[in-house]
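Subject: Predicted model for your review

Dear colleague,

Please find below the sequence and structure that I am handing over to you.

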Amino acid sequence: MRELSAVDSVALRADADHLDRLWPRLRDSVTADDEARVWLDARIPLALDTSRNLVGAPPAWDAGYDGTGRTVAVLDTGVDAGHPDLVGKVRASKDFTGEGQADVGGHGTHVAATIAGTGAASSGAYRGVAPGATLLDGKVCGVQDCLTSAILEGMEWAAEQGAQVVNMSLGGWNQPGLDPMELAVERLTASHDVLFVTAAGNLGAASNVSSPASAPSALAVGAVDDDRAIASFSSRGDVDGLVKPEIVAPGVGITAARSSASPGSGPYLELSGTSMATPHVAGAAAVLAQRHPDWSAAQLKSGLVGAASPLPEAPSVAQGAGLLDIGRAVAETVVAAPSAVMFGRVWDLPDAPVTRAVTYRNSGSEPVTLKLSFAPTTSDGAPAPAGMFQLSADEVTVPANGSAQVEVTVVPRVEVPEGYVGGRLVATAGAAARVSTPVGLLRDQAAFDVTLRQVPRPGAGPAYAYAFAFGLDRSSYAYISAPVDADGTELRLRAGRHIVVHGIETDEHSSLLVQPELVVDRPDQEVIVDARKARPISITLPDPRARLRFAEVATSMPKTYTDELGSTTADYAYLMTGKYDQSDPFAGEHFGQAGPNRDYDGVTTELSTTWSRPRADGSLADSPEVYFLNWFGSGRAYSGSVERVRANQLATVTSTYAAQAQGARGAVSMNGTRENGADAPNSLEMSFPLPFKRTEHYNNERVRWERHFLEMAPGLVELAASVQEPKHYVPPRRYTEAVNEGVFAPSVAAPTHGGWARRVGNTMVVRPPTFADGAGRIGDAATTQESTTLYRNGVKVAAAPRSGYRMDCDDLPPAIALDELCPTGLTADVTAADGLYRLVVAAERGAPHALSTRVTADWTFRSATVAGERPKPLPLTTLRFAPDLDAHNAAPAGRTFTLPVLAEPQPGSAAGTVRDLAVDVCYDDGATWQPAHMVAQGPGGRFMARLRHPKAAGFVSLRAHATDTRGNTVKQTVIRAYRIG
């Protein structure tokens, strides 16, 4: 148990066997106390050299301010205090994760160096924003995510350690009201006068700023690129009537220190995200605190926001006051309070004027006369209605060491469209002063109270109810939970259409009823939620020994909505529930539809389950036989079902998972896609020792399955990953799959949108997978060195210190520019005229990898400008080595061995047919090569080479080169392609 005094809470861990006793006690305590809450200990995502100049750091340094004497806490994945840029910078460290202080993820070290790094490893080139500041290292995150309870402990520790600024380059989903992290920001700011500088988030959508950036006292930071354009991934928008972020800073392609415990090589690495923008502002806060040691956290926030440089092309909700300007913040003598003025969310403008005051304070020895300007706009960029906002004065004089006020008034009954209306109130005094204050309001839809009348199942005892509602016409979310009451429960919803999930729980029963469409258009509406209409689930398998590992029930409804920024989105609203590793998971569970008893256009339902046959000892771990079973419906919400699965209704797949590294484990999840392209629920990820063989069963031929595989070294360090192109498994057929079998090498053969290497206009984008497996599955791996180089007519035109595809980029929302948040490969602007190009991709990987330790692909091809907006795949071919290897990726020593080689052009490209191919072989890691005997050529670019393996155990390296019928060439080399012996 952890005590979290900052939010008057405790964090508990409970064994699954005890949940049935613990939950009723927690529920009853919440029911008895209106102020009590139970929160999931949620896992939170980890959502210089040029950037320092962009934010005006050098002028502040020249004035003598570099953060000396100020302390900034970094709550992150840890800090590598031994990095040359951070030696002597960390005053205290504490681990709140239980994983040790080492920064294995590398995120925290990068953040810390952006704040206060000395740049020692780069002769000062990558110096941080506040190189004189001292750091506190609070490790609250593991490699992948962060427990809320660990973050809360870290926040309290940082405040008690005397930090003036706390950097939080992390964030989770923002919920209505104050969640625990937001509450901690507010309480610790008030009690310890500490400024929390927080990342706005990387979802790139309006009203999607993460928590705790959404807290009123937090300074939320968005991201821009080096052209001062808002990064596509930077979250933005109104948060409970507040403009967030309040400021932006560089967050695209930031180079800073690399932790020695993290993957990769060299002292630095490049990362992108609002996580990278945030430490620029945290460092600036330390610099400003040195300049004004008596300033409060609120004054530091106002000073930074007020001095920001507005970005004329960006909306206020995306940039707040504008781009961080440390030099101006240090020089400025006038600040405004509050840092932003919001009139909140309104449905209809008020009958009487509403006024807010802006106070200007002058710390200088001379009075300052400020000229005021305010040009508000609507969410579509049009001018706000004339006279909607009024200033009490166009000019104000602020006395020396004094203050003066200006009032901003919203006048009543002005016609204004829905959405955000506002801008920046700018106060200037020539070149001597410029203070920017965001001002605005959100014109919202009408909202009404809907009464939910819940009817529990008979004889079930005391009942508790909850409801979630998601907007179908507009991005919105509402939630309520309370004991079932005869008078019903009120849920306030915006006017429009909503999909609502209703839950009614007792000690014996749980009923989940989905209302696919609730139209809210008037007061005094009522919904009857009758748990008696819900039905149970029953599933029977051919093998009675199989046990359910995972189940997911989902009802989805299409939605097209416009957000507060005027952006229209088409998507699906998914409402689902999941069950894991329970012997009788559906006991007492019932599902049904609430609202009218009718069908709805566009509604689809899914029941997805994963089952395992126990091993002989009864354990479900490393199960030798698994079942992936799915059922679909349409028109109505899922309402229970009885499913009896027969053996002839199953496709059977025998899957062998080979090992690349000794002592590694594998993990597999199957991600389904329906015939219409919509996602099907995914399966449970299951891990096992490598190599491993298991039998898999699939029941639904309408699902196309993507096999996601991950190989991990001891300690769960990710080594390699692959993904299988979606494929159908049709009952009752039998299939075999060999996964993670070599040779691992670059490939452009798998289909992908626009091509792995493509050109549009005069821009080339190159990101081929560098470690595809012997079956052609695209792959990724932990590397020590990568590079991509492009030549035109023999002259190098572009290069990047990375090679190709990264599987962790696939989960990014489609609206996000991939090259910003997840840079891979190379993007290059080239000459329009036709030219001869050479493209070289290379990657190396070290221990514990023993295979494909160095791979290269070297292409030549001709290319000219591509008209229109549709990318054209470049005419590349890759050579896939597909030997018959065992589960340890080895072949017999001391005998003749046949090596299939497949010449595979990039789909959709103008690559020709390969007629001639040569293969070289090496048995001493690339030192000496000899030609292999080519014995046959088959259809479809298939060639055969004959090798003579030596008797001694070791490794085989391969090199192949080919020319196609259109003159394009390819040469590929793989050092340590596979083992022998």
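The notes that follow begin with the chain and then turn to helices, cores and individual residues.

This is a predicted model, in which local features need pLDDT of at least 70, side-chain atom pairs count only at pLDDT 80 or more, and totals for chains, interfaces and linings use all residues. Residues are numbered from 1 along each chain as its sequence is written, and side-chain values use heavy atoms, with hydrogens and water left out.

**The chain**

The protein chain has 11 helices and 63 strands; these are DSSP runs, numbered from the N terminus, with helices being H or I of at least four residues and strands being E of at least two. Of the 981 residues in the protein chain, 56% are buried. Here buried means under 20% relative accessible area, exposed means over 50%, and partly exposed lies in between, with a 1.4 Å probe and protein chains only. The chain exposes about 39,200 Å², and carbon and sulfur atoms supply 49% of it; accessible areas come from the Shrake-Rupley method with a 1.4 Å probe, and for residues only the protein chains shown count as cover.

**Helices**

Helix 5 (residues 148–160) packs with helix 6 (residues 180–192) at an angle of about 5°, and their axes are 10 Å apart. Axes are lines fitted to C-alpha atoms, for helices over the stretch in contact, and angles run from 0 to 180 degrees between N-to-C directions. The two helices, helix 5 and helix 6, are therefore roughly parallel (angles under 35 degrees count as roughly parallel, over 145 as roughly antiparallel, 65 to 115 as roughly perpendicular and the rest as oblique). From helix 5, Thr 148, Ile 151, Leu 152, Met 155, Glu 156, Ala 159 and Glu 160 meet Pro 180, Met 181, Ala 184, Val 185, Leu 188 and His 192 of helix 6, where contact means heavy atoms within 4.5 Å. The residues of this contact divide into 9 nonpolar, 2 polar and 2 charged. In that division Ala, Val, Leu, Ile, Met, Phe, Trp, Tyr, Cys and Pro count as nonpolar, Asp, Glu, Lys and Arg as charged, and the others, Gly among them, as polar.

Helix 8 (residues 297–307) is mostly covered, with 9 of its 11 residues buried. One of the buried residues is Lys 301, which has a relative accessibility of 7%. Leaving aside neighbours within four places in sequence, Lys 301 is in contact with Leu 195, Pro 216, Ser 217, Ala 218, Leu 219, Lys 244, Glu 246 and Ser 339.

**Nonpolar cores**

A nonpolar core is a set of buried Ala, Val, Leu, Ile, Met, Phe, Trp, Tyr and Cys residues joined through side-chain atoms within 4.5 Å. The largest has 55 residues, and Trp 859, Leu 958 and Tyr 978 have the most contacts inside it. Strand 63 (residues 969–980) gives the largest share of this core, 5 residues. Apart from it lies another core, of 53 residues, with Val 55, Leu 195, Ala 285 and Leu 300 among them.

**Individual residues**

Thr 71, in strand 4 (residues 71–76), is buried at a relative accessible area of 9%. Beyond four places in sequence, Thr 71 is in contact with Arg 91, Thr 134, Leu 136, Gly 162, Ala 163, Gln 164 and Val 165.

Ala 261 belongs to the loop between strand 14 (254–257) and strand 15 (268–271) and is partly exposed, at 38%. The C-alpha atoms of Ala 261 and Gly 105 are separated by 7.7 Å, although these residues are 156 residues apart along the chain.

**Backbone features**

Cis peptide bonds join Ala 337 to Pro 338, with omega about 0°, and Pro 731 to Pro 732, with omega about -5°. Pro 338 is in the loop between strand 16 (334–337) and strand 17, while Pro 732 is in the loop between strand 44 (717–723) and strand 45 (734–739).

Asn 793 has a positive phi of about 50° although it is not a glycine, and is partly exposed, with a relative accessible area of 47%. Asn 889 has a positive phi of about 60° and counts as buried, at 0% relative accessibility. The loop that holds Asn 889 runs between strand 55 (877–881) and strand 56 (890–891).

With kind regards
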